[in-house]
Amino acid sequence: MAFFPEYENHDGIALAALLAKGEISTADLLRAAQERMDLHNPAVNAVLLRLDEQAARQPQRAAASPLAGLPILIKDLQADIQGCPTRSGSHLFQHHVATEDSELIRRYRQAGLIFAGKTTTPEFGLYPYTESRLSGATRNPWDTSRTCGGSSGGSAAAVATGMVPIAHGGDGGGSIRIPASNCGLFGLKPSRGRSPCGPHTSELWQGYASEHALTRSVRDSAAMLDILCKGFDTGDAYHCPAPEASFLASLQQPVGQLRIAFTRQPFLGGKLHADGEAALSHSLRLLRDLGHEVEEAHPPLGSADEMCHAMLVMICGELACLMRNSQRLCGRKADFRLVEADSWTLARYGELLSAGEFAWMRDFALRQGRIMQAFHQRYDVLVTPVLNQPPAAIGALATSRFEQSLSTLLLGHLGWDWTLKLSRLVPEHSRKLMEYIGWTIPFNMSGQPAMSVPLFWNDANLPIGTQMVAGYGKEALLLQLAAQLEQAQPWFQRRPPLHQG
């Protein structure tokens, strides 16, 4: 039997409360987390790097937050821990060691969180699945033949298996909500400007990306959000106004009757699977039973073609910039042999794009925020699916090994001009991925908060999340609604077969 068998039956706040009372020690919590990593990581491949020695030496900060002394895991992207590698899922960054903490990590330290390890991510966080040449495939604990989602896939798989109750994540196109949906967790993407970007950047992915966490309980997410938004980080491009009260305290307030809209029409195209229809219908019935006003209404956002092109332009432009800056960022010149073929080709496509297209993308994305601001004058919350399909099989969303090997061969031997010509094939594969996602990207563009709530499991016992979106800066409203749903239909004790085994 594993040490401290009740460990998984508590959320982060409950474990930290036991610690504050002296009933357990931080060493006990670390041992419990490390034993679960030993037990479950071989099956899911969620933890890329253990930080056992660093965690044991990390200073304790008594009563710094309701989560003080709790071990958590950190996604190996953006969040730099001084003295530790930040590999970003890529061989290009394989030997990069952070020289200082990111602002987010600094805030986590001040709150007393303990860093037990770093979790897997696809290369540069680019994909809605976590399968990289650096670390291999990360698997879904509900069915290890399927993806956990991405890009915060390692964090989701670790929390779902009970290694830790909370893991850090980031969301630039659905990368918290997608793995939360696939792994039966609660996942909230905060508003633009809520999470700090310093000290080396002022915005992430042109403002599309925000950092936060994946959790099993709503209150853990609220407590982590309180830690995240401790004041404006000077130099950040955006600033979301501070809440009137702490997010954790706001959970004690009744949510009241809400005006809720829903839509079954995917924003980025594709067809909604029957399981997604069933999950959405189940969630809407639950919301009606709780007394909310629910009606069908589709926000008048841009077309699927515009959405897909804008997302592609942003990603390829950012990746081209990353390749140009790699010497400064990680001390290595970018080379096709150090970067996955798909990523290299995306970067080359970024070099084909014009300044006009990039400016158009910025303008288009910001206009979606205006459109949603007007939509939320009538509706408090918009409810949609998270994905068009249930969790996909491992390898099903990626280009084949043959295609990747052929691309690498061509990139190495055909020269720069041919590389640019081949990169024109990028939009076709990218469109297929975006149609699989279908629902999450618009709210990275608009900058408003959105969450995945685990309310439905299909006949194969796979979780299917429901997305709920509120107006800019309205995380407290989403958290209150999530807490109401959590009480009406508890999900905390629902665990994957891998955990039971």
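## Reading the labels on this model

Mentor: Let's start with Ala398, which lies in the loop between strand E13 (381-385) and helix H14 (401-413); helices (H or I, at least four residues) and strands (E, at least two) are DSSP runs, numbered from the N terminus. This is a predicted model, where local features need pLDDT of at least 70, side-chain atom pairs count only at pLDDT 80 or more, and totals for chains, interfaces and linings use all residues. Residues are numbered from 1 along each chain as its sequence is written, and side-chain values use heavy atoms, leaving out hydrogens and water.

Trainee: Why does Ala398 count as buried?

Mentor: Its relative accessibility is 19%, and buried means under 20% relative accessible area, exposed over 50%, partly exposed in between (1.4 Å probe, protein chains only). So Ala398 is buried.

Trainee: What makes Cys321 partly exposed?

Mentor: Cys321 has 36% relative accessibility, so it counts as partly exposed. Cys229, at 17%, counts as buried.

Trainee: Why is Cys229 too far from Cys240 for a bond?

Mentor: A disulfide is a pair of cysteine sulfur atoms within 2.5 Å. The sulfur of Cys229 is 8.3 Å from its closest cysteine sulfur, in Cys240, and therefore too far. For Cys321 the closest is in Cys330, at 13 Å, again too far for a bond. A search of the whole structure finds zero disulfides.

Trainee: Why is H1 called roughly perpendicular to H7?

Mentor: The axes of H1 (residues 12-20) and H7 (residues 218-228) come within 8 Å and cross at roughly 75°. Angles under 35 degrees count as roughly parallel, over 145 as roughly antiparallel, 65 to 115 as roughly perpendicular and the rest as oblique. So H1 is roughly perpendicular to H7.

Notes: Axes fitted to C-alpha atoms, helices over the stretch in contact; angles between N-to-C directions.
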